[in-house]
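Try each task before you read its solution.

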Amino acid sequence: MALWLVGATVAIWIGFSLRRRSQKIFRQTSRLARLLETAPAFPVVVKGDGRIEAADRFSRLMGLSGPAVSLTDLGGRSEGGLSNSDLSRLEEKVRETQRTGKDFVLPLAITGSPRRLLVMGEIADTVIYPNGAALLWFFDSTESLRELEARTEESEKAKAAFSALAGLIESAPLPMWHRSPDMSLNFVNQAYVDAVGASDGFQVVQDGIELLEPENGKTAASFAAEAMQSGLKTERIVSATLGAERRQLRVFDIPLGTDGASGVAGMAIDVQDLTAARTEFRQLSDAQRHLLNMMSAGVVQFGSDYSLIFANLPFQRLFAFRDQWLTEKPEFARVLDRMRENGKLPEVRDFPAWRGERENWFRNPEPSEENWLLPDGTHLRVLAQPVPDGGLLLIFEDRTEQAQLASARDILLRVRTATFDNLFEAIAVFAADGRLSIWNRLFAETWGLPDEILIRHPRLDEILPLMSKHLKKQSQISIIGELVRMTTANREQRRSKAVFADERIFQIATIPLPDGNALFTMLDMSDSLKIEQALRDRNAALQEADGIKAKFLANMSYEFRTPLTSISGFADLLKAGVAGELNGQALEYVDAILTSAERLSEQINTVLDYSQSEAGAMPIAREKVDVRTLLVNSAEAKSAFARERGVEVHLRLEEAKGLFSLDSKRIGQAVGQILDNAIRYHKEGGEVLLFARTSKDLLEIIVSDNGPGISEENQKIVQGDGKKALQLSDDPILQGLGLPLAKQLIETHHGTFRIESKPGEGSTIIMTIPSR
């Protein structure tokens, strides 16, 4: 009994202990069950045969109408559950876990619901489930996945934006870079690499190649550090070498972030072209203003605030403005008031209203144009041109002269009409279409055309039949019509004659006019032809008399030679002492006789040569001649005469080299005549220059003096006609055969003879002779 009692007591004590323990386990199980009920994850056990153990709220989570018994009950429904594809993936992962014990994580979606699930699978406790069950934890990750998807989408967008920004920076045409907080280069774009001539950006960053040179002892990194310390963007203009060219750059240092932990970004904008453009614009503006100042029209410009911006010099002169007052930039209304005070505006009854209308020019979209008549009679054309910035440009053109010219034109038209009507020629103007536009009184009277027909401006075809009645041969009227047509069509001048029935002869000419019309003129040649015949008869008589004179001069020249030879011979004998010794004065007389005889002999030879030249009978014998020797001999022949006259002769023959084909006698005679002429009519103490030069095919001889010179009229006489020079000139330089003969001798060699002279400044005679 005692043992039973002890055993019962122990049993009761053990029972109470087990009871307390079971109550404790029950309370723990209840808390765990409650914890599982309220947990965000749903545990599901999938046994080896596919059956599942899960709480009832798991079926509600899956959107099922009833509890799921097996894994296949979770799918295959039109509403709720998993889709077939998600169910297949889940079954595959579960079987893999049951076989291998491998954990897995799988996202799932509930059909017909926006909810998303995340399944984490692992092998279940083998003690509780010895047959290899799988424990699945289902998490409701709808919000997390949505947020993850949003973050993923934002991340993708950020990556795309970053890639686009990086690509933009990389392909930007201006150098850009980024510096780390320690101010070392961290990133550079391709433009930076090209500017410094590196191979790639890695080389630039690794070697720390700076684009910008130190400025005032501060490096580019120092400027970036200052920007980072201030937290503000900095800007400066520096010069740098881009490639192989020196350029001006606008450099920006931009701190990234508020604390500078993100470093400093930088960029350099090439402003060289902008600076050059600004300089060019400034120069263009200055040139434009200079051009406006050179214009005859007055130009003034006002800004959008109605204040004066620019006024050129013609505007200031036209309206009597002082430059000092214009520098105050007065407003448009004040400028008009000052113009009125200076009497440079048209007289109007209501000036304030008139001024207000002109202020509307600023608001008009189209330009305005007016004509102003000022009190002093000045006519102004005013053009008001609005400018895009709201300002106004005014141009004042002085049309006074044009108005006067228009008035003068009207007067000239009346004068022309009166002149046409009083001409001795019959004149008419035909238009390009053959219509008569202008005629004078004599034209109508000559052809007998009535005014009632002419005032209708008839066509040429209409009046030709009326005109043909006055011709001796009426068929010739077609020639007149054809002349007018050819002149208007071909723009060529034509001439013809017309014989009238009354034996009058008219010279007809058609002349093309610049406006496309044709001028028809008729001149009565009846009396002129008679006078012309008389003049021809007289000319023949004069030519015959001229021939007789030439023969007379030739005969007389030959007759003069015989006594002249005797005089020279006897004078030589007297000088030689054949008749006895002569005293000093007698010798002087004999020398004077010899000099005069020699001079007279030269004059006779000149007359003979000139006569032969005029008659075209002078022989020319070309041969190779040393030009320098020829000219030196010609100058030495005149040296005694030059000393006698007190004139100094200078020779410049260095360029006269070699031999040249010419007639030495005739060229020496021509040069001698010109030297003689220059010495004879020169003042004492004068100078004469003889210059010559030769080229391959041309000889040029120049004789220049500082004597009295030859007038322009006498130059034309010598250049034109030597005979006329002898007959008309009162200049002693031309009263002789020297220059005319020299001209004839040069022209006989097919050369040119030219005189350049001004009275009181000397003369220059230029002779050129070709080698052939």
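This is a predicted model: local features need pLDDT of at least 70, side-chain atom pairs count only at pLDDT 80 or more; totals for chains, interfaces and linings use all residues.

Residues are numbered from 1 along each chain as its sequence is written, and side-chain values use heavy atoms, with hydrogens and water left out.

**Exercise 1. Aromatic pairs**

Classify the ring pairs Phe-315/Phe-321 and Phe-319/Phe-396, and say how covered these residues are.

Step 1: Rings of Phe, Tyr and Trp (its six-membered ring) pair if their centres lie within 6.5 Å; planes under 30 degrees apart count as stacked, over 60 as edge-to-face and the rest as tilted. The structure holds 18 such aromatic pairs.

Step 2: apply the rule to Phe-315 and Phe-321. Their ring centres are 5.5 Å apart and the planes sit at 35°, so this pair is tilted.

Step 3: check burial (buried is under 20% relative accessible area, exposed over 50%, partly exposed in between, with a 1.4 Å probe and protein chains only). Phe-315 has a relative accessible area of 1%, so it is buried; Phe-321, at 7%, is buried too.

Step 4: go on to Phe-319 and Phe-396. With centres 4.9 Å apart and planes at 75°, the pair is edge-to-face. It links distant parts of the chain, as Phe-319 is in helix α9 (residues 313-319) and Phe-396 is in strand β15 (residues 392-398), 77 residues apart. Both Phe-319 and Phe-396 are buried. For the labels: helices (H or I, at least four residues) and strands (E, at least two) are DSSP runs, numbered from the N terminus.

Step 5: Phe-315, Phe-319, Phe-321, Trp-325, Phe-351, Trp-354, Trp-372 and Phe-396 form one aromatic cluster.

**Exercise 2. Charges over rings**

Which ring lies under Lys-218, and which under the charged end of Arg-338?

Step 1: the test is that NZ of Lys or CZ of Arg is within 6 Å of the ring centre and within 35 degrees of the ring normal.

Step 2: Lys-218 lies over the face of Phe-223, 4.4 Å from the ring centre.

Step 3: for Arg-338, the ring is that of Trp-325, with the charged end 4.3 Å from its centre. Trp-325 is also a member of the aromatic cluster from Exercise 1.

**Exercise 3. A cavity lining**

Which residues line the second largest cavity, and which element supplies the largest share?

Step 1: define the thing. On a 1 Å grid over the protein atoms alone, a cavity is a set of points where a 1.4 Å probe fits but cannot get out, and lining residues have an atom within 4 Å of a point.

Step 2: list the lining, which is Phe-302, Phe-332, Val-335, Leu-336, Met-339, Trp-361, Trp-372, Leu-394 and Phe-396.

Step 3: sort by element. Both α11 (332-341) and β15 give at least two residues, and α11 has the largest share with four.

Step 4: sort by class (nonpolar: Ala, Val, Leu, Ile, Met, Phe, Trp, Tyr, Cys and Pro; charged: Asp, Glu, Lys and Arg; polar: the others, Gly among them). The lining has nine nonpolar, no polar and no charged residues.

**Exercise 4. Neighbours of β25**

How many bridges join β25 to β24, and how many to β27?

Step 1: two strands pair if DSSP finds at least two bridges between them.

Step 2: β24 (residues 687-694) runs antiparallel to β25, with seven bridges. Three residues separate the two strands in a hairpin, and Phe-691 stands opposite Ile-702 in β25.

Step 3: β27 (residues 763-770) is also antiparallel to β25, with eight bridges; there, Ile-769 is the bridge partner of Leu-699.

Step 4: check the cover on β25 (residues 698-705), where six of eight residues are buried.

**Exercise 5. Positive phi**

Where do Tyr-306 and Lys-329 lie, and what is phi near in each?

Step 1: Tyr-306 is in the loop between β11 (298-302) and β12 (308-311), with phi near 70°. At 23% relative accessible area, Tyr-306 is partly exposed.

Step 2: Lys-329 is in the loop between α10 (323-326) and α11, with phi near 55°. Its relative accessible area is 48%, so Lys-329 is partly exposed.

Note on methods: On a 1 Å grid over the protein atoms alone, a cavity is a set of points where a 1.4 Å probe fits but cannot get out, and a pocket is an open set with protein on both sides within 12 Å along at least five of seven lines; lining residues have an atom within 4 Å of a point.
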